[in-house]
Amino acid sequence: MSEKERKFLEVCGLKKSFGSGDTKQDVLKGLDFTVAKGEFCVMLGPSGSGKSTLLNILGGIDSADSGEIYIDGDKLADMNEKSLTKYRRKHLGYVFQMYNLIPNLNVKENIETGAYLSDAPLDIDELLKILGLYEHRHKLPNQLSGGQQQRVSIGRAIVKNPDILLCDEPTGALDYNTSKEILKLIEEVNVKYGNTIIMVTHNEAIKEMADHVIKLRDGKIRRDIVNTEKIAAADLEW
Amino acid sequence: MAKESISYGKRPKNPMIKRVWKDIWRDRRRYFLIFTMFVLTIGFISGMFVSNNSMMTSLESCAERFKREDGHFRLSEPADKETIAAIESGEMADVAEIFRERAYEEAEDEVIEAVDDAMAEEIDKQVRAAITEQVTAAVDKQFEAAAEMGQKFTGEQKDAALEEALDKAISENFDEAYDEALKQAKDSDEYADALDEAFDKAHEEIDKEIDDKFAELSDRYGLDEEIDAVPVTVYELFYKDVKEGLAVDEDPGIGIRVYPERKDVDLFDILDGKAPENENEIMIDRMHADNVGIKVGDTITVAEEEFEVCGLAAFVDYSTLYENNTDTMFDAMTFNVAMTTDEGFERIRGNTRANYAFTYNDRPDDEYEEKSLSDDFMKALITQVAVSENEDIELEDYVPAYANQAINFANNDLGKDMSMGGIMLYILTAVLAFIFAVTISTTLEKESSVIGTLRASGYTKGELLRYYMSAPLMIAVFAALVGNILGYTFFKNVVVGMYYNSYSLPTYKTLWTPYAFVRTTIIPIILMLIINLVVITRTLRLSPLRFLRHDLKGSKRKKAVRLPRWRFFPRFRIRVFLQNIPNYLMLFVGITFVMLLLSMAVGMRETLDYHQAHMSESMFAKEQLILSRTEDDDGNTITTSAKNAERISVASLERKDETYNEEISVYGVEDDSLYIRLDADFTEKAAEDEVYISQAYADKYNVKAGDTIVLSEKYEHKDYTWKVYDIYDYSAGLAVFMTNDRFNEVFDNDKDDFSGYISNEPITDIDDEYIAAEITEDDILKVARQLDHSMGAYMVYFQYVCVIVAALILYLLTKIIIEKNERAISMTKVLGYNDTEIASLYLVPTAIFVFFTEFIAIYLGFILMKVFWKSMMLGMGGWFEFTMPVSGFVKEFLLVFIAYLLITVIDFFRIRKIPKVLALKNIE
């Protein structure tokens with residue numbers, strides 16, 4: 001792996017606070033880390049540790065107060081709003097905890113909203129099969145279970161074959177079995193398409209399936225571990 | 001990695017395009033409301049504009065199509081060919097000269113006869129004397145000779161002998177001597193001198209008499225000015241004014257003016273049936289027929305002769321059924337115009353009125369030229385009639401087309417409807433703009449997480465902007481299409497129906513009306529686009545994160561307001577209220593619009609009724625008489641013995657403006673008038689150019705004391721500039737007041753000139769022939785009745801639209817409030833509150849809010865309506881203030897509150913329908 005690939009995502013001295021004066025709250029207190037290309041990186045931390053804020057900043061939908069972020073050598077801070085949109089459009093996929101599907105589009109159409117953004121999207125039908133949604137492709141989101149909806153959300157993010165897939169607590173609203181299915185899917189996607197995956201979660205067990213684990217607490221990195229003994233999602237227990 | 005095994009597909013078409021349709025379906029109720037409002041606005045207003053334009057254009061084109069007259073005149077009896085030819089020449093006859101020649105001619109014979117008679121008598125006397133002298137001398141000689149011879153005669157014998165000799169001499173010599181003497185006398189210079197002297201004396205008398213008479217005529221009609229000849233073509237347009245009886249109930253109260261067949265001028269448009277073909281058929285005015293219920297095939301009596309109605313028509317010179325041009329208002333119920341064949345005309349017993357229509361051989365280019373031609377032609381007409389060989393013929397009536405109410409009234413009145421439509425359009429467009437703004441901001445709020453997700457995924461603002469613009473634009477374009485179709489069909493027919501109900505109009509062709517399309521369609525669509533563009537663009541400036549967090553309000557999170565320790569439910573309601581303040585503000589604006597619309601719907605009717613009820617109160621005096629001339633045939637000033645009658649002078653000027661030329665009455669008032677009470681010291685204090693203006697004038701054009709006003713002659717390029725001395729409290733009309741003396745100076749009249757009399761007592765002692773117009777209380781009420789007639793139908797039309805739109809606004813807004821609280825309502829359901837409790841928590845605050853808002857909104861709506869009303873009145877003649885009695889406000893209040901209560905019932909069902917799971921869904 002080249003140095004560039006090893007430092008595919010580089011974060012230096014990242015700080016972020018909310019509010020001002022007495023109510024000022026430092027959420028991120030100077031983070032430094034790198035994520036390699038194609039790596040499955042899990043960010044762990046309890047509520048309020050700043051992990052979602054970090055993810056939003058990495059996704060270009062929130063901004064840092066100071067510090068630098070480089071993605072594939074491009075400095076995020078140099079990008080204006082237009083370039084940031086372009087950056088998200090070309091390089092990022094988003095998976096939200098609450099799926100955020102478009103309620104009056106069916107499964108396939110929801111995935112098409114992602115595909116439309118790419119010049120070379122994945123084959124939707126094949127993806128639907130991988131997602132296990134092919135049979136449900138004409139259904140509306142409200143006709144699906146939570147797990148199925150999250151699959152659609154992953155499909156929508158992955159269909160444009162982004163360089164980085166940002167997952168914000170993707171299993172946060174799901175039960176154990178469904179969560180495991182979703183994690184298996186993300187793992188499969190990572191293997192098949194080779195995207196860099198950054199997943200935010202408070203579920204300690206998930207770290208086992210990651211290549212790289214960053215533990216956050218109180219806006220600081222407490223541990224930054226490369227997991228050499230990762231296990232398959234199917235074998236996770238919690 | 002395994003990227004080689006990835007199969008790629010094609011980039012799909014934008015899936016959001018499909019979603020546009022789905023969005024429209026999802027929000028079908030809201031879009032239906034917008035669609036309905038758009039369709040109503042476009043359909044209703046373009047219906048008005050299109051019918052108005054089509055009808056006006058048709059009326060204008062009729063003048064040529066149906067060879068409308070340029071004027072008509074009526075003579076006391078039919079004129080001979082020579083007189084008609086002289087009138088057609090358009091040249092002014094030299095009345096004085098012709099009269100003089102005729103008088104001289106008449107005088108010549110008389111003078112000669114008189115001189116001859118005198119001379120014959122003289123010669124007779126002289127010849128007799130000469131003969132007597134000669135005979136007496138001869139007889140005396142004979143007696144002297146006889147005496148010398150000794151014969152003796154008695155005196156008696158002598159006398160007898162002389163008498164015998166004289167008789168003999170006269171019988172033998174007189175004639176010859178007389179003729180000889182007469183011949184000598186006529187050849188003499190003395191005779192010629194005598195004759196000349198007699199002629200001179202006669203001419204002198206004639207000249208004096210003619211000059212006096214002509215001076216008076218010339219003064220009255222300005223005959224001393226030279227005119228250019230106005231050649232015209234004159235057509236016989238005789239008629240008989242008789243009584244019409246309906247076969248069903250022999251009502252003799254209807255006057256019918258029957259013309260024989262019209263062939264060359266003032267033709268007609270047959271709307272039903274056919275023109276009369278035999279002496280028993282008659283074609284009558286369509287509107288009169290509609291008003292009294294006559295149909296083709298019915299039989300009516302005309303001067304007691306029966307006729308079958310074969311056709312209903314609109315006569316080009318009677319688009320409004322004015323019986324006389326001096327009538328203050330027309331009446332299609334009691335007056336009818338008809339045409340028969342020439343034979344049918346003969347059947348009718350009645351005086352034939354020698355009426356003639358004329359057309360100018362050289363058409364005038366504009367109304368100024370028409371007025372000037374008409375003035376010149378009148379001089380030609382008066383003089384030619386005066387010099388007609390038939391000395392009994394008189395000119396009874398002269399009405400140029402531009403001053404003919406029967407021709408112009410409908411046209412002028414149709415113009416007024418445009419300004420009414422215009423104001424309605426302003427209000428509806430404002431309402432639409434409000435609805436667009438509310439709808440799009442609600443949509444964006446609802447779509448917050450979708451927008452956040454799409455933006456986070458990389459959708460650009462432009463893509464989202466185009467997407468969120470699509471549905472409203474599609475609805476607007478579709479509604480515009482439907483609205484225009486309805487405007488050109490259904491709504492147009494409704495309005496045209498109203499026109500036909502008021503006026504005797506010809507058939508029309510529906511015309512494409514570009515300004516209607518621009519104002520009713522293009523402008524609202526552009527407005528909608530701009531509002532959507534601004535709201536969406538502003539909202540999309542927010543970061544995707546804000547959308548994902550449903551944090552679209554610009555302000556930072558507020559701290560909870562501390563509430564007093566009330567019971568839980570009132571506190572909950574206050575919380576609901578505080579949380580929904582922006583929504584309630586929106587509701588407030590909405591209700592204000594509703595009140596504005598209702599003000600229009602309720603207030604216009606009320607204003608008209610009020611105006612009608614108070615019109616007679618605002619007359620200067622119970623009777624106002626305008627004279628056609630102020631001196632009678634003997635040259636004496638026409639006076640009246642009516643108690644407290646005052647002289648008044650009246651002139652009509654125009655306040656010229658780009659949009660509308662307003663007719664302003666200028667009054668000259670007696671000093672210390674009982675009826676128009678100007679300041680006692682006005683005469684002394686006021687400068688020469690200072691005048692009073694009426695309250696109505698001041699209100700309509702925002703004129704204050706000290707301001708300058710400029711009025712112009714209607715058909716001449718002459719302006720009058722005056723300074724406003726003060727406002728006179730008179731609201732019935734737009735008027736300027738000054739003293740009679742000033743009036744006469746301003747208008748170059750003689751010092752003692754005046755126009756008529758005003759009095760509270762009936763003026764009965766002035767001969768009808770001198771009265772040009774008489775305005776009584778009933779006439780004023782007639783104006784109001786007519787206004788009611790022509791505007792009343794619109795009121796109903798407006799009321800329907802206003803009430804429908806008002807209900808739509810209320811429904812839309814309360815729906816939005818419920819929708820915005822759906823999640824909270826769902827949560828209270830989850831917590832175990834029942835539907836009634838929830839309704840009381842969420843509906844009561846809104847009900848209380850609506851109740852109190854109504855008071856403010858009613859006031860605001862009224863104020864706004866006053867502003868709109870004013871702008872409407874600026875586009876038409878006259879002025880009356882927008883008024884609303886308390887009952888009108890109560891009506892408005894109740895209408896809205898009852899509508900709101902009905903909507904609350906719908907809202908209650910909406911609340912019942914909100915699922916509990918909603919609370920658990922999509923919350924981050």
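**Exercise 1.** Find how many residue pairs are in polar contact across the interface of chain B and chain A.

Solution. The model is predicted: local features need pLDDT of at least 70, side-chain atom pairs count only at pLDDT 80 or more, and totals for chains, interfaces and linings use all residues. Residues are numbered from 1 along each chain as its sequence is written, chains are lettered from A in the order in which they are written, and side-chain values use heavy atoms, with hydrogens and water left out.

Step 1: apply the rule for a polar contact (a pair of N or O atoms within 3.5 Å; within protein, one must be able to donate a hydrogen and the other to accept it, and residues adjacent in sequence count only if both atoms are side-chain atoms). The rule finds 16 residue pairs, both residues at pLDDT 80 or more.

Step 2: locate the chain B side. α1 (15–26), α11 (448–457), α12 (461–488) and α15 (544–548) of chain B each give two or more residues to the side that touches chain A. Helices here are DSSP runs (H or I, at least four residues), numbered from the N terminus.

**Exercise 2.** Count the salt bridges between chain B and chain A.

Solution. With a side-chain nitrogen of Lys or Arg within 4 Å of a carboxyl oxygen of Asp or Glu as the criterion, the count is 6. One pair is R455(B) with E81(A), whose closest N and O atoms are 3.0 Å apart.

**Exercise 3.** Is helix α2 of chain A mostly covered or uncovered?

Solution. Taking buried as under 20% relative accessible area (1.4 Å probe, protein chains only), 7 of the 8 residues in 51–58 are buried, so defined. Among them are K51(A) and N56(A). The helix is mostly covered.

Methods. Buried < 20%, exposed > 50% of the residue type's maximum accessible area, 1.4 Å probe, protein only.
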